[in-house]
Amino acid sequence: MRKAFLYLIIFSFAVSGLYSIDLIPVNGFDDKSIYSSPAILASLEDKKVPFGFELKGYADMDMINFISNPAPVLADAANYLKDYLLEKDDQYLYDNYDAIKEIFQFDAQFPVLYEDITENSYFIRDYLANRFEMIGAGNRARAVSNALTSSLGIFPEDTSSLVDGELDFSLRLYGGEISNGFAWNIGMGIVYDGSPSILNSVSYKNHEYGSDLYFTLGGDLGYGTYIGDNFAIGVSFSPDFIFRSTIPGSALMSSRLSGKFLELLGGNTFDFGLSLNLNLGFMIDAGEAKILIDFRNLPSMQMYWYFDANDILDGFKFHEDENIYFVPPDASIGVVWNHDSWCIKGEISNIADQLIWKTMIPSYNFDILSVPKFSIGYSIIEDMIISLGYEYRKVVLGFGYKGLNVEFSTRVDRIGFGVALGYEF
């Protein structure tokens with residue numbers, strides 16, 4: 001029912017950091033990330049974490065400015081709306097008069113419908129060319145918001161050239177243990193995975209996509225062991241229970257412009273699901289240097305049951321999603337080198353999974369900047385580490401002291417800021 005677009009949603013879900021499994025050699029071998037390179041378990045010392053938490057957040061400047069004052073941020077989108085309608089022919093403006101009027105429903109001076117097609121188009125174009133600039137930046141922003149829900153399909157699927165506006169945050173609570181190559185982890189997480197653009201309006205049939213709010217409850221099991229003196233193999237299994245609510249871009253827009261928080265939830269869909277993930281890894285241990293070869297998401301699949309607001313009113317009906325969704329498998333090669341106070345980590349990954357997406361969805365754009373990941377860490381004193389790294393278009397500056405970890409990040413392709421704070425007791 002929602003197959004094509006949910007493939008894309010699941011892909012973004014996988015790389016958003018919810019599971020923190022694609023970032024292994026970069027962010028360190030903590031209680032969660034080791035499960036995407038499970039062979040490393042064979043070489044790790046025993047460790048027990050009764051309780052830990054990790055809080056992350058990121059926002060780009062368009063989102064920060066949108067929250068503060070949305071009108072200036074939507075100026076380019078308003079001009080796009082005006083130009084889009086001005087370029088349409090007389091017949092289009094006549095046939096779609098009602099939908100166009102709905103976009104400008106707040107303005108009593110929008111032209112009435114004229115029976116003569118030429119006369120009708122003349123007054124609409126005059127309105128767009130002259131009156132549009134007089135209604136004010138706030139009303140132009142309202143027109144953009146109305147256009148998002150219009151049946152005219154005005155904005156393209158990729159609206160990043162008009163406005164960005166990404167917001168992400170997550171909170172993870174966990175505990176686990178590593179002992180003799182065995183590892184387990186159990187935890188819960190709350191994640192808001194924002195769409196990359198405020199104007200996101202992708203829909204499929206009766207489902208509109210946007211930003212996703214997740215609640216997860218699950219765990220991980222892993223085991224790594226040496227086969228010979230310098231070669232190790234490892235496997236990990238991660239089941240999760242997922243509750244997800246999707247917030248359409250139109251709901252986010254109208255909620256901010258009206259100042260009514262409840263509008264965020266009005267048109268949402270709600271999903272309950274199960275996620276299963278399997279990883280297989282190999283390690284060549286050369287002492288100070290370790291080479292990691294991993295095969296991830298073998299497989300990774302998710303199953304859902306869903307309902308919306310109308311189903312609640314009709315007696316809380318659940319619908320079984322007939323599809324089984326998956327994150328495409330991926331292969332990676334990484335290296336970890338420890339020497340004195342230095343630790344260098346690097347990885348090449350997300351090639352195979354992107355090629356699979358490219359095959360399935362020809363419009364998908366391969367992201368070469370998401371392939372390399374690396375970091376350089378230095379121990380200033382015992383238990384105190386600073387690091388600098390790169391991953392998924394982000395430069396990350398980190399600081400760690402005993403159980404405390406702090407990170408600051410920014411993207412290389414847009415202005416934005418991220419902060420992460422974690423502590424293990």
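Contact is taken here to mean heavy atoms within 4.5 Å. The structure is a predicted model.

The chain has 425 residues, of which 47% are buried. Its secondary structure comprises 12 helices and 18 strands. Of the contacts between residues at least 6 apart in sequence, 64% join residues at least 24 apart. The accessible surface amounts to about 20,000 Å², and carbon and sulfur atoms account for 62% of that area.

Helix α10 (residues 249-258) packs with two helices described here. With helix α3 (residues 61-68), the axes come within 9 Å and cross at roughly 40°. This angle makes α3 oblique to α10, since only angles under 35 degrees count as roughly parallel. On the α3 side the contact is formed by Met63, Phe66, Ile67 and Ser68, which meet Leu252, Met253 and Arg256 of α10. By class, five nonpolar residues, one polar residue and one charged residue take part in the contact of α3 with α10.

The axes of α10 and helix α9 (residues 137-148) likewise come within 9 Å, with a crossing angle of roughly 150°. The two helices α9 and α10 are therefore roughly antiparallel, the cut-off for this class being over 145 degrees. The crossing of α9 past α10 is left-handed. From α9, the residues Ala141, Arg142, Val144, Ser145 and Leu148 meet Gly249, Ser250, Met253, Ser254 and Leu257 of α10. By class, this contact of α9 with α10 holds five nonpolar, four polar and one charged residues. Met253 of α10 is listed in the contact with α3 and also in the contact with α9.

Terms used. Residues are numbered from 1 along each chain as its sequence is written. This is a predicted model: local features need pLDDT of at least 70, side-chain atom pairs count only at pLDDT 80 or more; totals for chains, interfaces and linings use all residues. Side-chain values use heavy atoms; hydrogens and water are left out. Helices (H or I, at least four residues) and strands (E, at least two) are DSSP runs, numbered from the N terminus. Buried means under 20% relative accessible area, exposed over 50%, partly exposed in between (1.4 Å probe, protein chains only). Accessible areas come from the Shrake-Rupley method with a 1.4 Å probe; for residues, only the protein chains shown count as cover. Axes are lines fitted to C-alpha atoms, for helices over the stretch in contact, and angles run from 0 to 180 degrees between N-to-C directions. Angles under 35 degrees count as roughly parallel, over 145 as roughly antiparallel, 65 to 115 as roughly perpendicular and the rest as oblique. A crossing is left-handed if the near helix is turned anticlockwise from the far one by less than a right angle, and right-handed if clockwise. Ala, Val, Leu, Ile, Met, Phe, Trp, Tyr, Cys and Pro count as nonpolar, Asp, Glu, Lys and Arg as charged, and the others, Gly among them, as polar.
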